[in-house]
Amino acid sequence: MNNLNAVSPYVLSVLRIVFALVLFSFGTQKILGFPFAARVPEAWSLSWIAGVLELVVGFFLLIGFLSRPAAFILSGLMACAYFIGHAPNSFFPSQNGGVAAILFCFGFLYLVVAGPGPLSVDAWRKARA
């Protein structure tokens with residue numbers, strides 16, 4: 001059990017990186033067109049603004065810079081995505097396609113509380129201070 005406790009902070013960093021990287025990829029698809037998407041949102045549409053947040057704030061979280069505020073913003077973004085884009089289709093997440101939005105929302109909310117872990121720009125800046 002002590003071995004698990006020793007690696008726990010690093011696994012937290014890996015969780016942050018994976019969550020942010022997956023969300024960041026949605027932003028690159030919406031804003032940069034990579035990977036290819038059949039449909040790209042129009043500039044300044046709600047979906048486009050979400051893509052900008054996924055791209056910019058997702059990158060901040062990916063590198064662990066201003067992690068807690070970034071995670072808070074992304075958690076709210078995913079809550080909005082669920083209630084605006086998925087919940088109107090059905091009450092049940094398994095039927096409305098909103099499972100990923102819920103998981104992202106609560107994963108990011110966890111990162112607000114837990115912090116970025118040791119493999120982050122935030123931890124590096126704290127160590128230098």
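The chat below walks through a predicted model of a protein.

User: What does the secondary structure of the protein come to?
Analyst: Six helices and zero strands. This is a predicted model, so read every value as computed from it. From the N terminus on, the elements run α-α-α-α-α-α.

User: And what does the C-alpha trace span along its principal axes?
Analyst: About 45 × 30 × 25 Å.

User: How much of the protein is buried?
Analyst: Of the 129 residues, 33% are buried.

User: What about the exposed area? What share do carbon and sulfur atoms supply?
Analyst: The protein exposes about 8,100 Å². Carbon and sulfur atoms supply 73% of that.

User: Which residues make a nonpolar surface patch?
Analyst: Met1, Leu4, Val7 and Val11 make one of about 440 Å².

User: Where is Val11 placed?
Analyst: In helix H1, which covers residues 2-32.

User: Is Val11 buried or exposed, and why?
Analyst: Exposed, because its relative accessibility is 51% and the exposed class starts over 50%.

User: Switching to contacts. Among those between residues at least 6 apart in sequence, what share join residues at least 24 apart?
Analyst: That share is 64%.

User: Now aromatics. How many aromatic pairs are there?
Analyst: The count comes to eight. One of them is Phe19 with Phe104, an edge-to-face pair. The centres are 5.8 Å apart, with 90 degrees between the planes.

User: Which parts of the chain does that pair link?
Analyst: Distant ones. Phe19 sits in helix H1 and Phe104 in helix H5, residues 99-114. The two are 85 residues apart.

User: What about the rings of Phe19 and Phe108?
Analyst: Their centres are 5.8 Å apart and their planes stand at 75 degrees. So that pair is edge-to-face, because planes over 60 degrees apart count that way.

User: Which parts does this pair tie together?
Analyst: Phe19 is in helix H1 and Phe108 in helix H5, so the pair ties parts that are 89 residues apart in sequence.

User: Is Phe108 buried or exposed?
Analyst: Buried, with a relative accessible area of 0%.

User: What do the ring pairs link Phe19, Phe104 and Phe108 into?
Analyst: A cluster. Phe19 pairs with Phe104 and with Phe108.

Definitions and conventions: Residues are numbered from 1 along each chain as its sequence is written. This is a predicted model: local features need pLDDT of at least 70, side-chain atom pairs count only at pLDDT 80 or more; totals for chains, interfaces and linings use all residues. Side-chain values use heavy atoms; hydrogens and water are left out. Patches are made of residues with over 30% relative accessible area and no salt bridge: like charges are joined within 9 Å, nonpolar side chains (Val, Leu, Ile, Met, Phe, Trp, Tyr) within 5 Å. Accessible areas come from the Shrake-Rupley method with a 1.4 Å probe; for residues, only the protein chains shown count as cover. A salt bridge is a side-chain nitrogen of Lys or Arg within 4 Å of a carboxyl oxygen of Asp or Glu. Helices (H or I, at least four residues) and strands (E, at least two) are DSSP runs, numbered from the N terminus. Buried means under 20% relative accessible area, exposed over 50%, partly exposed in between (1.4 Å probe, protein chains only). Contact means heavy atoms within 4.5 Å. Rings of Phe, Tyr and Trp (its six-membered ring) pair if their centres lie within 6.5 Å; planes under 30 degrees apart count as stacked, over 60 as edge-to-face and the rest as tilted.
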